[in-house]
Amino acid sequence: MLHEVLADCKRGDLVAPKVLQFLQTGGLVSIFPFLPLHMKELGLNLNQISTVQTIVCVGDILTPLALSFITVHLANIRPLLVGSICLNILSAIFLATIDRSSNNVFLLYLLSRFSLELSRGSSLNLYESVNLMTVKTRHGDYGIQKIFGSLGGTIMSSVSGYIAHYHSFKSVFYFYSLIEIIFLTVLVSSDLQYARKEEKNQRKSSILDCLRAGSGVTLFLFISCFLGFIWSFSETYVFLHLESVGYSRRDLGFMVATSTIMGVLVSLASTSVLDMIGWRAALAIALGSYSTRLMGYSLIPPQSIVILALLESLKCVGNPWCMLVTGYFIKNQVDLTHIASFQSVFSLLYFGIGKGLGSATGASLIGYLGYRNYFQILSSCSGGLAVYLLYKQYKINKQKEE
């Protein structure tokens with residue numbers, strides 16, 4: 001495996017995807033895990049946090065849906081991607097200017113956060129399409145590119161946690177903006193695959209074409225929606241719960257770094273593991289990790305750093321692992337002409353509906369059931385789905401043997 005990684009690193013045509021993965025993942029983990037704590041610092045209560053997440057959910061759902069129609073009619077998605085990143089940078093800078101003393105804090109935060117999430121969802125969806133098309137057309141290994149994303153997350157999350165603990169969230173937003181500016185600079189100076197390669201007179205790919213594009217697409221997308229739900233819920237409310245238990249921002253930032261270090265090892269072995277177990281079992285691993293983490297968080301005592309580190313280390317087979325499995329699934333199950341459409345549908349369900357509902361419904365259900373009870377309910381649901389997927393994979397393997 002190490003030989004394959006070194007050989008891939010020597011390829012000049014895959015340098016830009018690696019650098020961009022480093023910056024993209026580093027930027028995301030430098031700010032988004034800390035957004036709930038930022039809202040709390042501004043004085044927003046749990047109901048206001050839920051309201052923000054609910055309204056942001058609308059943008060999360062509509063953005064990939066709109067992009068699925070827009071990108072079909074664009075010969076080149078580069079201008080749209082660049083515009084989305086620019087808006088994202090401006091939104092982050094504006095968020096940095098908001099403080100408790102501002103008039104209409106809630107309204108200002110809501111508008112700027114909606115703009116941040118809208119542009120983030122758009123740029124992430126567009127870039128992942130570009131990245132997948134670039135790696136696939138150049139016959140690269142998607143998992144190896146993701147290794148550099150994990151490295152970026154490890155470094156940037158530690159820096160961001162330090163900044164949040166010893167300085168302020170305002171500085172974190174400026175740090176994120178700097179990362180995005182560098183990302184944009186590398187992006188516009190790189191030769192990437194921005195346009196789908198289509199045969200002459202070939203009919204353009206649509207969402208329905210995408211749903212029929214390969215075996216197991218519907219099941220994959222359904223599970224992706226649930227994973228988006230549980231990922232969003234954990235990202236929004238787990239840190240709030242842990243801070244209320246007694247963990248500091250420095251502790252939480254260090255834990256994010258720990259999980260992303262593990263993500264490097266997972267990325268290294270991802271292709272071999274996925275070839276061996278299949279995408280159904282791989283998604284079961286993600287569900288199992290969420291099940292274990294949520295049950296652990298519901299029972300964790302104060303200041304148990306070792307237990308927290310063990311639980312957070314499982315984060316590497318949560319959202320990062322889901323992205324690796326998605327890339328593997330697209331590479332092996334989805335035709336090149338359908339990649340942009342599939343990515344839009346996946347983003348709609350994972351980053352849109354799933355993510356939106358996970359954040360939006362969390363506050364009311366936590367208020368009714370309490371953190372611990374709701375964590376345990378979601379843990380049980382995740383575990384049940386994991387068992388179902390393992391059973392499906394077992395039946396498929398048995399049929400192949402026969």
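What percentage of the 402 residues of the protein count as buried? The answer is 58%. The model is a predicted one. Its secondary structure comprises 15 helices and zero strands. The radius of gyration is 20 Å, close to the 21 Å that the globule rule gives for 402 residues, so the protein is as compact as a globular protein of that length. Along the principal axes, the C-alpha trace spans about 60 × 50 × 40 Å.

Contacts come next. Take those between residues at least 6 apart in sequence: 87% of them join residues at least 24 apart. The accessible surface comes to about 16,300 Å², and carbon and sulfur atoms hold 65% of that. The protein carries 30 positive and 22 negative charges.

Now turn to helix α6, residues 105–137. At 1.5 Å a residue, its 33 residues should span 48 Å. The end C-alpha atoms are 47 Å apart, which agrees. Of those 33 residues, 25 are buried, so α6 is largely enclosed by the rest of the structure.

Asn104 sits in the loop between α5 (78–96) and α6. Its phi is near 55°, a positive value in a residue other than glycine. Most residues other than glycine have a negative phi. Is Asn104 buried or exposed? Its relative accessibility is 55%, above the 50% cut-off, so Asn104 counts as exposed. Just after α6, His139 takes a positive phi of about 60°.

Within α6 lies Leu124. At 10% relative accessibility, under the 20% limit, Leu124 counts as buried. Which residues does Leu124 touch, not counting those up to four places away in sequence? They are Gln24, Leu28 and Phe351. Thr154 is 30 residues from Leu124 along the chain, and the C-alpha atoms of the two are separated by 19 Å.

An α-helix has 3.6 residues a turn, so residues three or four places apart point the same way. Of the 17 residues, 13 are buried, so α2 is largely enclosed by the rest of the structure.

Terms used:
Residues numbered from 1 in each chain as written. Predicted model: local features only at pLDDT ≥ 70, side-chain atom pairs only at ≥ 80, totals over all residues. Heavy atoms only, no water. Helix = DSSP H or I, 4+ residues; strand = E, 2+ residues; numbered from the N terminus. Expected span 1.5 Å × (residues − 1). Buried < 20%, exposed > 50% of the residue type's maximum accessible area, 1.4 Å probe, protein only. Rg over C-alpha atoms; globule rule 2.2 N^0.38 Å. Contact = heavy atoms within 4.5 Å. Areas by Shrake-Rupley, 256 points an atom, 1.4 Å probe, with all protein chains shown as cover. Lys, Arg positive; Asp, Glu negative; His and termini not counted. Charge placed at Lys NZ, Arg CZ, Asp CG, Glu CD.
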